[in-house]
Amino acid sequence: MRSNWIAGSMLSALVLVTAPGLAAASDEGVTRHGIAMHGDLKYAPDFKHFDYVNPKAPKGGTVRLQAIGTYDSFNPFIVKGSPATGIGRIYETLMTGSADEPFSEYGLLAESITVPGDRSWVQFRLRQEARWHDGKPVTADDVVWTFETLITKAVPFFRGYYGDVKKVEKLDERTVRFTFKSGTNQELPLILGQLVVLPQHYWATRDFTKTTLDPPLGSGPYRIGAFEPGRHVEYQRVEDYWGKDLPVNVGRDNFDRIRHDYYRDGTVSVEAFKAGEYDFRNEGSSKNWATAYDFPALKQGLVKKEETPHDRSTGMQAFALNTRRPLFQDRKVREALAYAFDFEWSNRTLFYGQYTRTRSYFDNSELAATGLPGPAERAILDSYRGRLPAEVFTRAYEPPATDGSGRVRANLRQGSKLLREAGWSVDKTTRKLTHKDTGRTMEFEILLVSPLFERIVLPFKKNLARLGITASVRTVDTAQYRRRLDDFDFDVVIGNWGQSLSPGNEQRNFWGSDFADRPGSRNLMGIKDPVVDALVEGVINAPDRKTLVSRVRALDRVLQWGHWVIPQWHIPYDRLVYWDRFGRPEVTPTQGVQFDAWWIDAVKAEALEAKRKGG
């Protein structure tokens, strides 16, 4: 989506810059053109475009992209259905973020934002020229209706993300105000800026809670064009798009058409790329990156392959253990299972040495908890002594490691020791791990959505078997996978929690007790821990950047020692492979490659086509 409307961030210091023509308000608030997380906004009120775009980028052409699995809906806001890839392009948010600041927002649908000194509310003034694709104006009624609909009928995420909003009200046709509950949730003005706005008049005669394949009405730079459910969907650039000349949009959305073709799995998708069936790929597989692209088009220079560094937080990818299952409710059992995963062997043998082991939920950033807790962290954690594992205070967390040889006997001995302490031992007759009190054997299923992960999970399964554990591996289609995740109908899955440089309200959805039983939430492990809840609220309420960093590290440390996941791996760069028909800006921002700022280079595209025709 144009603005990261479901990403979390934290507002710790409101430092805003007054825009010409936007007068400062009375004691009730100050009106600005944007809002920054910390310090000053990078871009002044009269800025012309972001630094990482080409303002003279030509418009035109079709770009072809890929998607995996299938889709059956154009409604991405509800639990039901599998939404079409790229559907966010038809919508817009009140404000939009920049990719070269930790967390700042500038007006998109809203021309201004007003915030009082105590941050107890936020007010947005809509642009008079903002229009839906049917020509009707975007109004305060649309904003109010959208907010109320999302928190009552959409996925559970929104109820938590906007949980500190007390009320929303229309002040006039173009002005809307959100009043907050008591507290110090200083991120809320920016969170509300991320609100995607939907057309009330369009949905007045439709059921928002149902899936639909009727192309919905939007206000964004693209609308839905040709499509075939489960096979492809195309987005057409709106020629008379009302916001095309806004500074936040200059140099972006340069393709006339963006087409997503669906493939059964990643293997088929890679072969389709090599055959020229689509144009651009952000490769997620180390094996593919190392072995799949040794083909004539790359050697001839028709395809480009590159690693582009970024400074994003890599977040956490891990085996997620569902503690709603009695089997995983014992922390020692969860810790023991981690000793059966041999990352070093996998990295050497399967990943071609490309990855770094993930140890923090906020890796690749200053937010990661490392070493022992410093004074600021300890001051936070001391409040919960007796309710936290002792290791939080005495040891630096590191996931189990090996020498990469594949010999994991020492790790398995440690895992077996922990299991015995938890009441499990191997039955001499069945050779299966059995609980001393219940007689239950340890068996569980690892649920996958991609066959690519089978080569990684099967060695893990083999090591688990050496502990006497029976683990089955099941790969299902995307629709079934999503349903089972939404209903928490799994034992173990591979979870991924992306993190911004400014964590905030989204942490409730990730780890909060209130979300443990809400279908569709991101709390896959079912964490219900009052200490975690309190630490999350501390992150949300941090008054400044320094305090935020300490509070996030404290939360990270407690999550690490909770052993709710078995961490996997990450890389600090993007792996891009694409047919050489694109132009791109010279600057790559902090957040990495911004593909929506690329364009079709007519000369390159013509040369590429000629070479293809020439064999």
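The model is a predicted one.

**First stop: a charged surface patch**

Select Arg409, Arg413, Lys462 and Arg466, which together form a positive surface patch. Two elements, helix 12 (409–421) and helix 13 (454–466), each give two or more residues to this positive patch. Arg466 is placed in helix 13, and its relative accessibility of 47% makes it partly exposed.

**Second stop: salt bridges**

The count of salt bridges in the model comes to 37. Begin with Glu421 and Lys332, whose side chains meet in a salt bridge at 2.9 Å, N to O. Glu421 belongs to helix 12 and Lys332 to helix 8 (residues 331–338), so this pair ties together parts that are 89 residues apart in sequence. Both partners are partly exposed: Glu421 has a relative accessibility of 39%, and Lys332 has one of 33%.

Next, select Glu366 and Arg545, where the side chains form a salt bridge of 2.8 Å, N to O. Glu366 is in the loop between strand 18 (356–357) and helix 10 (375–381), whereas Arg545 is in helix 17; the pair therefore ties together parts that are 179 residues apart in sequence. Glu366 is partly exposed, at 42% relative accessible area.

Now turn to Arg385 and Asp382, which are joined through their side chains by a salt bridge of 2.9 Å, N to O. Arg385 is partly exposed, with a relative accessible area of 46%, and Asp382 is partly exposed as well, at 35% relative accessibility.

Return to helix 17, which spans residues 545–562, and select Trp561 within it. Is Trp561 buried or exposed? Its relative accessibility is 2%, so Trp561 counts as buried, the cut-off for that class being under 20%.

Which residues does Trp561 touch, leaving aside those up to four places away in sequence? They are Arg331, Pro389, Glu391, Val392, Arg395, Ala396 and Tyr397. Display Pro399 as well: Trp561 and Pro399 are 162 residues apart in sequence, and their C-alpha atoms are 9.9 Å apart in space.

Select Glu187, which is found in the loop between strand 10 (175–180) and helix 3 (188–193). Glu187 is buried, with 0% relative accessible area.

**Last stop: two residues with positive phi**

Select Arg431, in the loop between strand 19 (424–426) and strand 20 (433–435). Although Arg431 is not a glycine, its phi is positive, at about 65°. With a relative accessible area of 54%, Arg431 is exposed.

Finally, select His563, which is placed in the loop between helix 17 and strand 24 (565–567). His563 is not a glycine either, yet it has a positive phi of about 55°. Whereas Arg431 is exposed, His563 is buried, with a relative accessible area of 7%.

Terms used. Residues numbered from 1 in each chain as written. Predicted model: local features only at pLDDT ≥ 70, side-chain atom pairs only at ≥ 80, totals over all residues. Heavy atoms only, no water. Patch = residues over 30% accessible without salt bridge, like charges linked within 9 Å, V, L, I, M, F, W, Y side chains within 5 Å. Areas by Shrake-Rupley, 256 points an atom, 1.4 Å probe, with all protein chains shown as cover. Salt bridge = Lys/Arg side-chain N within 4 Å of Asp/Glu carboxyl O. Lys, Arg positive; Asp, Glu negative; His and termini not counted. Charge placed at Lys NZ, Arg CZ, Asp CG, Glu CD. Helix = DSSP H or I, 4+ residues; strand = E, 2+ residues; numbered from the N terminus. Buried < 20%, exposed > 50% of the residue type's maximum accessible area, 1.4 Å probe, protein only. Contact = heavy atoms within 4.5 Å.
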